[in-house]
Amino acid sequence: FYTMQATRGCPFNCDYCAVTAFFGNEFRMRPIDDVLEEIKGFDTDEFFFMDDNIVGRAKYAKELFTRLIPLKKTWGSQASITMAKDPELLRLYAQSGGRYAFIGLESLSQKNLDKMHKGWNAAKDFKASIKKIQDAGIAVIGSFVFGLDEDDLTVFKTTFDFVMDCKIDAAQYHILTPLPGTVTYNELEK
């Protein structure tokens with residue numbers, strides 16, 4: 001795939017994630033005219049936004065997606081599950097050619113999510129949110145982290161059963177890794 005970035009950073013600051021440590025707390029957005037010009041230069045109809053959260057600023061994302069529609073491209077990106085709360089955003093994501101979204105669900109344990117400062121991710125709403133995204137025509141690539149404080153041996157089967165029950169289109173599983181510069185790294189170093 002051709003790759004590009006329209007935005008850099010993420011509006012969230014989860015303890016384990018290196019995005020904020022690497023890019024800082026500021027969420028930056030390229031001028032949409034520049035983004036479209038770069039996309040028009042691709043000699044393919046498929047590409048991937050390397051953005052950490054393409055829907056991090058809904059107003060920007062809606063304008064970008066609206067302006068992508070006439071280009072008739074196919075694309076995917078990383079996005080937060082919060083996009084499920086905005087029907088217009090979902091519609092524009094799909095209508096503009098967005099066929100899949102890599103979504104960091106991380107854990108089915110709300111205690112784990114709260115501890116990593118990802119409490120805005122409501123585990124109890126995951127299933128309904130995934131369905132909304134899929135019903136909009138967007139495939140979900142769910143990302144999960146194992147090795148969090150509230151995990152025990154049941155986490156593997158519970159997560160697998162959830163993935164199958166929700167018919168998640170693809171899943172990625174990660175071992176909690178304390179990346180330098182993250183809160184998780186600093187806490188574990190102590």
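Buried means under 20% relative accessible area. The model shown in these views is predicted.

**View 1. Helix 2 and its buried residues.** Helix 2 spans residues 32–40, and Ile32, Val35, Leu36 and Ile39 in this helix are buried. Seen down the helix axis, the buried residues of helix 2 fall within an arc of 95°, so they line one face of the helix. Their packing partners are strand 1 (2–4), strand 4 (46–49) and helix 3 (58–68).

**View 2. Leu64 in the largest nonpolar core.** The largest nonpolar core has 41 residues. Phe49, Leu64 and Phe65 are the residues that touch the most other members of this core. With residues up to four places away in sequence not counted, Leu64 touches Ala6, Phe49 and Ile54, and also Ile32, Val35 and Leu36. Ile32, Val35 and Leu36 are among the buried residues of helix 2.

**View 3. Ala6 in the loop between strand 1 and strand 2.** Alanine 6 is located in the loop that runs between strand 1 and strand 2. Its relative accessibility is 1%, so alanine 6 counts as buried. Leaving aside neighbours within four places in sequence, alanine 6 is in contact with Arg28, Met29, Arg30, Val35, Phe49, Asp51, Ile54, Tyr60 and Leu64. From C-alpha to C-alpha, alanine 6 and serine 129 are 24 Å apart in space, with a sequence separation of 123 residues.

**View 4. Thr7 in strand 2.** Strand 2 consists of residues 7–8 and includes threonine 7. Threonine 7 has a relative accessible area of 2% and is therefore buried.

View 5. The space in the second largest pocket comes to about 230 Å³. Helix 5 (110–115) and helix 8 (183–189) are the elements that give two or more residues to its lining. Helix 8 gives the most, with three residues. There are 12 lining residues, and those nearest the centre of the pocket are Leu148, Asp149, Leu176, Thr184 and Glu187. By class, the lining of the second largest pocket holds four charged, three polar and five nonpolar residues.

**View 6. The largest cavity.** One cavity of 30 Å³ or more is found in a search of the whole structure. The largest cavity holds about 30 Å³ of space. Its lining is formed by Glu106, Ser107, Leu108, Phe144, Val145, Phe146, Asp151, Val155 and Thr159. Strand 7 (139–146) and helix 7 (155–166) each supply at least two of the lining residues. Strand 7 has the largest share of the lining, three residues. The lining of the largest cavity divides into two charged, two polar and five nonpolar residues.

**View 7. Lys124 in the loop between helix 5 and helix 6.** Lysine 124 lies in the loop between helix 5 and helix 6 (126–135). With 72% relative accessibility, lysine 124 counts as exposed, the cut-off for this class being over 50%. The C-alpha atoms of lysine 124 and serine 109 are 9.0 Å apart in space, and the two residues are 15 residues apart in sequence.

Conventions: Residues are numbered from 1 along each chain as its sequence is written. This is a predicted model: local features need pLDDT of at least 70, side-chain atom pairs count only at pLDDT 80 or more; totals for chains, interfaces and linings use all residues. Side-chain values use heavy atoms; hydrogens and water are left out. A nonpolar core is a set of buried Ala, Val, Leu, Ile, Met, Phe, Trp, Tyr and Cys residues joined through side-chain atoms within 4.5 Å. Buried means under 20% relative accessible area, exposed over 50%, partly exposed in between (1.4 Å probe, protein chains only). Contact means heavy atoms within 4.5 Å. Helices (H or I, at least four residues) and strands (E, at least two) are DSSP runs, numbered from the N terminus. The arc is that of the directions from the helix axis to the C-beta atoms. On a 1 Å grid over the protein atoms alone, a cavity is a set of points where a 1.4 Å probe fits but cannot get out, and a pocket is an open set with protein on both sides within 12 Å along at least five of seven lines; lining residues have an atom within 4 Å of a point. Grid points are joined across faces, edges and corners, and a volume is the space filled by probe spheres set on the points. Ala, Val, Leu, Ile, Met, Phe, Trp, Tyr, Cys and Pro count as nonpolar, Asp, Glu, Lys and Arg as charged, and the others, Gly among them, as polar.
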